[in-house]
Amino acid sequence: MGGHEVGEGGRAVEVGVTFGLLAAWAVHDLEEVAAMPSWARGHVPGLRQRYPRVPERVWRRLESIDGREFAAAVAVMGGVVAIAAADGHRTGGRSGFYQAALNGFGLHALTHMAQAVAVRGYTPGVVTSPLVVVPFTLWARGRLRRAGVLRPARPRDVATGLALAAAATVGTHGVARQLVRRG
């Protein structure tokens, strides 16, 4: 089928719709890997003063993430995203896991933009969120819709996508912490 997957009813879904998730994620997370460690060191002290109600353990955790641990967490997350993209490819875009990952990816861009508003400036991930994450997600969802395989977006689907993104983030950081300690 030359770069297309067959959705329900014989309509094709381009390979870029599914594996594009991995590519868009990689671009976005390269920004985060490049910026996060130095950004945290330079901004946490001021944020700690500006937002005294945030628990101290949050600030300590953010300050303690070094470049190796953050890069390891990103690599582990890359595995999760690759599995979601492959499952989407295998199912012609119908996979619930793939669609939840796509939705979570798009919705997590909103958290990056909210963080930038809260800190009144740049935060890692905020540049590629409106330039890569949101446009890719909207494009891919449109392609899935045209192929007849997009599941309706209900409030619980939004919650599922956000929960998947949050759980994957927490889990990958936990795995990364263990990998760096052992290494």
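User: By class, how many nonpolar, polar and charged residues does the lining of the largest pocket have?

Analyst: The structure is a predicted model, in which local features need a pLDDT of at least 70 and side-chain atom pairs count only at pLDDT 80 or more, while totals for chains, interfaces and linings use all residues. Side-chain values use heavy atoms, leaving out hydrogens and water, and residues are numbered from 1 along each chain as its sequence is written. A pocket is an open set of points on a 1 Å grid over the protein atoms alone, where a 1.4 Å probe fits, with protein on both sides within 12 Å along at least five of seven lines, and its lining residues have an atom within 4 Å of a point. With Ala, Val, Leu, Ile, Met, Phe, Trp, Tyr, Cys and Pro taken as nonpolar, Asp, Glu, Lys and Arg as charged and the others, Gly among them, as polar, the lining of the largest pocket has 28 nonpolar, 12 polar and 4 charged residues.

User: Which helix gives the largest share of that lining?

Analyst: Helices here are DSSP runs (H or I, at least four residues), numbered from the N terminus. At least two lining residues come from each of H1 (15-50), H2 (56-64), H3 (67-90), H4 (96-119) and H6 (155-182). The largest share amounts to 12 residues, and the helix that supplies them is H6.

User: Which residues of the lining lie nearest the centre of the largest pocket?

Analyst: The lining of this pocket is made up of 44 residues. Those that lie nearest its centre are Glu-32, His-112, Gln-115, Thr-169 and His-173.

User: What distance separates the C-alpha atoms of His-112 and Ser-129?

Analyst: Along the chain the two are 17 residues apart, while the separation of their C-alpha atoms is 7.0 Å.

User: Which residues does Ala-35 contact, leaving aside its neighbours within four places in sequence?

Analyst: Ala-35 sits in helix H1, and its relative accessibility of 14% means that it counts as buried. Ile-65 lies 30 residues from Ala-35 in sequence and 12 Å from it in space, C-alpha to C-alpha. With neighbours within four places in sequence set aside, the contacts of Ala-35 are Tyr-122 and Pro-124.

User: What is the phi of Arg-120?

Analyst: Arg-120 is found in the loop between H4 and H5, where its relative accessibility of 64% makes it count as exposed. Most residues other than glycine have a negative phi. Although Arg-120 is not a glycine, its phi is positive, at about 60°.

User: Which helix holds both Phe-136 and Trp-139?

Analyst: Phe-136 is buried because its relative accessible area is 11%, whereas Trp-139, at 33% relative accessibility, counts as partly exposed. Leaving aside neighbours within four places in sequence, Phe-136 is in contact with residues including Gly-16, Val-17, Leu-102 and Phe-105. Phe-136 and Trp-139 are 3 residues apart, about one turn of the helix, and the helix that holds them, spanning residues 128-146, is H5.

User: How far apart in space are Gly-174 and Ala-73, C-alpha to C-alpha?

Analyst: Gly-174 has its place in helix H6, and its relative accessibility of 22% means that it counts as partly exposed. Gly-174 and Ala-73 are 101 residues apart in sequence, yet in space the C-alpha to C-alpha distance is 7.9 Å.

Technical notes
Buried < 20%, exposed > 50% of the residue type's maximum accessible area, 1.4 Å probe, protein only. Contact = heavy atoms within 4.5 Å.
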